[in-house]
Amino acid sequence: MATPASLSAFAALPDEARLWLVAFDRPVDAALLAPDMDALMGRWRHKGVQYQGIWTLLEDRILAIAEPTLASNPSGCAIDGMLRSVGQAAGRLGLGLLDPQTVVARVSGDVRTFARTDLEARLADGTLDAGTPILDLALLTLGDLRSGRFERPLAATWIGRKHLRTASAQA
């Protein structure tokens, strides 16, 4: 779960700051990411605009980047460039990035990932249920992260409502 300590990097940013959550295919030490992420945040600019991005690592495998000006003045090119640079840094470090469609869940205290196409089977075999905590990588603002929307029961997420309804209709 996103703890106050893991969110302290964002203390100076407003709740409206735009947020991106990118999951790695395995846990990583934040110290290993720091040189690349710090450099990326320091050089993140587009068309003369210097962005004020800040990053932290959640759950030892989810990179959280927040930036205050892109919420009100979005730039697709600036966002694409940042995400491309994150992917390049991950590649240099031997990390893979999870497909954004991957479902990240806490199962028996461990963070596990599931393809969306596999959810119905995992519901059927009991690996997942309505109460399984899901880590929501689709949050848009820092306020969403701060308010506890990052980790919610599967039933409280749109993907859970869709798959739980499908699973109950098949039962």
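Contact here means heavy atoms within 4.5 Å. Keep that in mind as you go through these views of a predicted model, in which local features need pLDDT of at least 70, side-chain atom pairs count only at pLDDT 80 or more, and totals for chains, interfaces and linings use all residues. Residues are numbered from 1 along each chain as its sequence is written, and side-chain values use heavy atoms, with hydrogens and water left out.

**View 1. Ser 85 sits in helix H3.** Helices (H or I, at least four residues) and strands (E, at least two) are DSSP runs, numbered from the N terminus. Is Ser 85 buried or exposed? Its relative accessible area is 15%, so Ser 85 is buried; the word means under 20% relative accessible area, while exposed is over 50% and partly exposed is in between (1.4 Å probe, protein chains only). Setting aside neighbours within four places in sequence, Ser 85 is in contact with Leu 40 and Arg 43.

**View 2. Three strands make an open antiparallel sheet, in the order E1-E5-E4.** Strands E1 (18-23) and E4 (54-58) are the edges, each pairing on one side only. On average, neighbouring strands of this sheet are turned by 20 degrees against each other, direction ignored. Strand E5 (residues 62-67) pairs with E1 in the antiparallel sense over six bridges; two strands count as paired if DSSP finds at least two bridges between them. Look for Arg 18, which stands opposite Glu 67 in E5. Helix H2 (residues 30-43) packs on the sheet and touches E4 and E5, its direction making about 160 degrees with that of E4. Helix H3 (residues 76-92) also packs on the sheet, touching E1 and E5, and its direction makes about 25 degrees with that of E1. For these angles, axes are lines fitted to C-alpha atoms, for helices over the stretch in contact, and angles run from 0 to 180 degrees between N-to-C directions.

**View 3. Trp 20, Trp 44 and Tyr 51 form one aromatic cluster.** Rings of Phe, Tyr and Trp (its six-membered ring) pair if their centres lie within 6.5 Å; planes under 30 degrees apart count as stacked, over 60 as edge-to-face and the rest as tilted. How many aromatic pairs does a search of the whole structure find? The search finds two. Trp 20 and Trp 44 are edge-to-face, 5.9 Å centre to centre with 70 degrees between the planes. Trp 20 lies in strand E1 and Trp 44 in the loop between H2 and strand E2 (45-46), so this pair ties together parts 24 residues apart in sequence. The ring centres of Trp 44 and Tyr 51 are 5.3 Å apart and the planes are at 45 degrees, so that pair is tilted. Trp 20 and Trp 44 are buried, and Tyr 51 is buried too.

**View 4. Trp 44, Trp 55 and Ile 65 touch the most other members of the largest nonpolar core, which has 23 residues.** Such a core is a set of buried Ala, Val, Leu, Ile, Met, Phe, Trp, Tyr and Cys residues joined through side-chain atoms within 4.5 Å. E1, H2, E4, E5 and H3 each give two or more residues to this core, and the largest share, six residues, comes from H3.
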